[in-house]
Amino acid sequence: MLEGLKRAFQSLTERVTKATLSEKELREALEDFKLQLVGSDVSLETAEHIVNLIRPKLAEFKVPRFGEAEDAIKTVYRDVLNNILLEFPPETLLSNIEEKSRERGEPYIILFVGPNGGGKTTTIAKIAYWLKKNGLASVLACADTFRAAAIEQAKNLAAQVGVRAVSQKYGADPAAVAMDTIISAKSNRESVVLIDTAGRSEAKKNLLDEMRKMKRVAQPDSTILVLDSLTGSAAREQARRFHENVGVDYVVLTKLDSDSRGGLALTVCHEIRSPIVFIGVGQGMDDLKPFKKEFIVERILA
Ligand SMILES: Nc1nc2c(ncn2[C@@H]2O[C@H](COP(=O)(O)OP(=O)(O)OP(=O)(O)O)[C@@H](O)[C@H]2O)c(=O)[nH]1
Ligand SMILES: [Mg+2]
């Protein structure tokens, strides 16, 4: 996890702490650093932004006495990374849910969107399980009526974590499934409606239209984009399109357990400015962790 980013920062550190670099040497070191970031799934735009933040600080960096250089340089990196990464604490999501329930007596609606295979359905089940552990009942809307076996998968996962799932037939209007679920959640007094949606290989126009319709009809309190961290630059494009066309409040990055590069978190935060709420670190229902900037930054700089 995050080894690629870690190596990029490490090699820059080695070069700048050995001796005070000439202007040319610093330029070369930063160029190599930028390419290493790009090789770790940081987009070029984001990598350039990082380099631009670091450059002036390194230009005035004097190699301190032996042993202190590394700490000083890490402080520079830490500031830059903290400046880019955005987190949304899951506890705030819990209090927003509780507030809606208390003040309006209505379920909190979360719409999950994202490219296919990104981990939407699994993440929904993990979130349902997490809500349950926090004393909140949820219901799953099986609004992926498109992909073969999607409804069975959603129902099985819901059963596994002990929450209700509402479904219709394949080919049914996804927005109608969502509305059905919302109405039944009100009578069942469930606090949260989790809407699963279809992913397609690309964020195609008809899918984006469908998502916009879903948003109009279901009026979600939050829209969460689920992205597979292994898909790097493709995920960046998808994130942009979902953000521009549908609107994204928060992001969940999945499969971080098998991602050795790690750059997508930086790209997503910098380019779509949506905070990350959770990371997926495995296929089990407990493999969902709050996204903590500090944890990520310290791992990159360890
Ligand atoms: N290792 C790992 N696997 C994950 C994680 N999250 C999801 N997966 C796996 O990724 C695969 C796809 O997950 P789904 O939840 O079906 O993805 P989806 O976005 O709903 O896919 P579609 O409905 O086809 O669009 C499954 O095999 C999941 O078990 C994770 O954090 N780590
Ligand atoms: Mg799915």
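The backbone of K120 puts a polar atom 2.8 Å from an oxygen atom of ligand 1, and a polar backbone atom of G119 sits 2.9 Å from an oxygen of ligand 1.

A word on the ground rules. The model is predicted, with local features needing pLDDT of at least 70 and side-chain atom pairs counting only at pLDDT 80 or more, while totals for chains, interfaces and linings use all residues. Side-chain values use heavy atoms, with hydrogens and water left out; residues are numbered from 1 along each chain as its sequence is written, and chains are lettered from A and ligands numbered from 1 in the order in which they are written.

The protein splits into domain 1 (3–84) and domain 2 (90–291), with bounds that come from an automatic or database domain assignment. The C-alpha centres of the two domains are 36 Å apart. At the interface, 14 residues of domain 1 touch 17 residues of domain 2, contact being heavy atoms within 4.5 Å. About 1200 Å² is buried between domain 1 and domain 2, and carbon and sulfur atoms give 52% of that; buried area is the accessible area (1.4 Å probe) that two parts lose on being put together, summed over both. On the domain 1 side, D41, E45 and I84 lose the most area to domain 2, together 42% of what that side buries.

The rule finds 3 salt bridges between the two domains, where a salt bridge is a side-chain nitrogen of Lys or Arg within 4 Å of a carboxyl oxygen of Asp or Glu. D41 pairs up with R261 in a salt bridge, the closest N and O atoms being 2.8 Å apart. Helices α1 (3–18), α3 (44–59) and α4 (69–84) each supply at least two residues of the domain 1 side, and α3 gives the most, with 4 residues. Helices here are DSSP runs (H or I, at least four residues), as are strands (E, at least two), numbered from the N terminus.

Over the structure there are 19 salt bridges. In one, R164 meets E190, with closest N and O atoms 2.8 Å apart. This pair links distant parts of the chain, 26 residues apart: R164 is in strand β3 (residues 164–166), and E190 is in the loop between α8 (174–188) and β4 (192–197).

Notes: Polar contact = N/O pair within 3.5 Å; in protein donor to acceptor, adjacent residues only side chain to side chain.
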